[in-house]
Amino acid sequence: MTTADSLIADTLDRILTAHVDRTQLDAVADGRWPTELWNALAETGLAFATHHEDLPLEDAYASLTMVGRHAAPVPLAETLVAGELLRRAGMEMEPLPFGLAFIDESAMPQQADTFTGVLQDIAFGRHLQRLILVASDGRHWLLSEVDKATVEGCINIAGEPRDRLVFSQPVKALPLSGQSTARTFMLAALTRVLMMAGAIESVLRMSVQYALERVQFGRPIARFQAIQQQLAASAGEVVAALQAAQTARLAVNSSLLPTEIAIAKARVGEAAGIVSEIGHQVHGAIGFTYEHMLHYRVRRLWAWRDELGHEAQWQRLLGRFVVAKGADSLWQFITSPEPIDLEDLHP
Amino acid sequence: MFPDLAWPSASLPAEAGLLRKEVRAFLQQVLPAGYRPNSDFGSGGDAAFSRQLGQQGWIGMTWPKKYGGHERSFFERYVVTEELLAAGAPVGHHWIADRQSGPLLLKFGTEKQRATYLPGIAAGEIFFSIGMSEPDSGSDLASIRSLARPVEAGYLLNGRKLWTSGADHNHYMIALVRTEPGSERHAGLSQVILDLKAEGLSVRPIRSMTGQYHFNEVVFEDVFIPQEQLVGKPGNGWHQVTSELGYERSGPERFLSTFRVLVELVGCASEAHSDRMLILIGRLVAHLMTLRRMSISVAAMLEAGNNPVIEAALVKELGNNFEKTIPELARLALEGRASGQMQATLEDALLHMPSFTIRGGTREILRGIIARSLGLR
């Protein structure tokens, strides 16, 4: 960890420990906006860190690992990506939560400066005023009247808002210059990788703690080899996930980002499933109750591993690239990776 | 205290790239073209190849020059070892001496022992075995019974070692034996250098399920060990043995043993047009690249002078599972259409696979070490 990393991590840890609890998580799932939590994040400036010139991008995105660790119910990921896009376009960023919407050709704005249509799976869409619209042909727009949409509230398996926004009347759409849809998609995938890494580590910590406290057969279940062996296997997955996530984050300014995102989204997504499964097994029935905090992480892991390309989609891109290079080039690719082709990856 | 599971990112330094090219050019020249076997350090050696490697300066790379070493970094050694394994090179003869016996002598050996053995190891001419397991002591290493009874000017050794790779052709063995009669468990153990041609020492090859002979039973009947063959302090054997685990368990040999299966599979996939195969290859590549980074991160810890025993256990645990996954999933993705080199490589991998999670510390022992670091025991 660099100094900037740990400074950000400590600050966030404090804020999230103070503001994220069961009541808040359930309230957000029921449709409320976490005002205090968001304001606390906004005040530190961390929510808009990717828009500032003075903080390296890899440090700015690091806060998402902590978001995952605490299962914090805020659109920090989307806001951070929006910050980078606005910065690249040379545009100001208002201190508001942002959304991100990927659309295909059929949904692209017909008029140069307005948008009409339907957007799906918009994180925290019901609470938003601002959103970046990302078209498959590379164009991006800033929508500044998102609250004019009719909201059909939807939630994912974790209870996070993933709303359907219907714009039946035209709203203003301001073009962003200098964007690449592939990069925006990779950044969005990176946010899920980092959030998953944090949640995965958190699930292991909770499981170890529980094993030390829970007494059966006259001793803590941590003393049983059957439990130790499972948690050790889980720890291996956690190390791999953290390593893959960190490598992807540090590649945020590198031409190798496509390769690193593919590796990380595939590997961390796989670890998410394994660590969750072991976590639940160790917790026994109590971990399956709504009362226990475990499911707030596990359900998010299940949601995030599917968002922005699940494991097999990224594995296919990676596999196709190395197969096209040929068997004799495989080892060269492993030791000296090249950027893989993202051509036909589309949300 | 919960351990920090986020390891520092480490990458190989620029000078490693040049070295990698040299190694590849050398391997292209000395290895036969075409078919390459899985490179399994536990089997398949070639004394002439080891000598050539020594002449290149690629054995004992990190050791001081005065002992025949080359004073290069752990990263450079890493490049050489991974290139050898990926190419399917016959590394079996010198592997243990380079990885473990040499570093052990450097750390605990006497000046005379270093001068006697290290230059020969680095030249690729002296090969070592490890003598740890016994008929009644496998994972429970502290239960070993081979006894080296102190006598005038040395010890008299009786007992036996089991699963000793290469004892039939290697020159020496560093054995963990009991030097204090009546001692128990971790106390009273010492490491000694045994001449595998010594009087009273006999080697009985054991055929493995692969049909090959690469491990042995070694029997000691009143073998005299001169005092000067003791490594380190008497009674310090357990500590010395465990100090080597970072080297033993973190290297690329813990996840590359079936790499050639993946290479062959990529070759098949370019003809098969199977989506399932593409997804599988992508999955395996993502695992492999992550493991390699973990392993390089541990190499950086070694380079910094640390003793990453837990980190090495994590690399081996995850790496061995990965090595075992490749052939299992490859055969399914091939849907029974494997032939020629693909089938040969697959079968070779399957036959060796059971040993991966046993040798060098079983999966269960490794997980026990990891569990302890988590505070579970």
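Chain A is divided into domain 1 (3-179) and domain 2 (182-335), with bounds that come from an automatic or database domain assignment. This is a predicted model, in which local features need pLDDT of at least 70, side-chain atom pairs count only at pLDDT 80 or more, and totals for chains, interfaces and linings use all residues. Residues are numbered from 1 along each chain as its sequence is written, while chains are lettered from A and ligands numbered from 1 in the order in which they are written.

For the complex, the predictor gives an ipTM of 0.96 and a pTM of 0.96. Chain B has a mean pLDDT of 95, and 99% of its residues reach 70 or more; pLDDT is the predictor's confidence in each residue, from 0 to 100.

Start with chain A. The C-alpha centres of its domain 1 and domain 2 lie 23 Å apart. The contact between them takes 27 residues from domain 1 of chain A and 25 residues from domain 2 of chain A, where two residues are in contact if their C-beta atoms, placed from the backbone, lie within 7 Å. On the side of domain 1 of chain A that touches domain 2 of chain A, at least two residues each come from helix 2 (22-29), helix 4 (57-60), helix 5 (63-70), helix 6 (76-88) and strand 1 (98-103) of chain A. Helices (H or I, at least four residues) and strands (E, at least two) are DSSP runs, numbered from the N terminus. Helix 5 of chain A gives the most to this side, with six residues. By class, this side of domain 1 of chain A has 17 nonpolar, five polar and five charged residues. Here Ala, Val, Leu, Ile, Met, Phe, Trp, Tyr, Cys and Pro count as nonpolar, Asp, Glu, Lys and Arg as charged, and the others, Gly among them, as polar.

Next comes the contact between the chains. Chain A gives 42 residues to this contact and chain B gives 41 residues. Of the side of chain A that touches chain B, the largest share, 16 residues, comes from helix 8 of chain A. The residues of that side divide into 26 nonpolar, ten polar and six charged.

Chain B is assigned domain 1 (15-127), domain 2 (130-235) and domain 3 (241-373). The C-alpha centres of domain 1 of chain B and domain 2 of chain B are 25 Å apart. In the contact between these two, 15 residues of domain 1 of chain B meet twelve residues of domain 2 of chain B. Helix 4 of chain B gives the most to the domain 1 side, with six residues.

Helix 11 (residues 340-352) of chain B has 13 residues and, at 1.5 Å a residue, should span 18 Å; its end C-alpha atoms are 19 Å apart, which agrees. The expected span is 1.5 Å times one less than the number of residues. The buried residues of helix 11 of chain B are B:M342, B:T345, B:L346, B:D348, B:A349 and B:H352. A residue is buried if 20 or more other C-beta atoms lie within 10 Å of its own, exposed if 12 or fewer, and partly exposed in between, with C-beta atoms placed from the backbone. Seen down the axis of helix 11 of chain B, these buried residues fall within an arc of 165°, so they line one face of the helix. The arc is that of the directions from the helix axis to the C-beta atoms. What covers them includes helix 8 (259-272) and helix 10 (309-333) of chain B.
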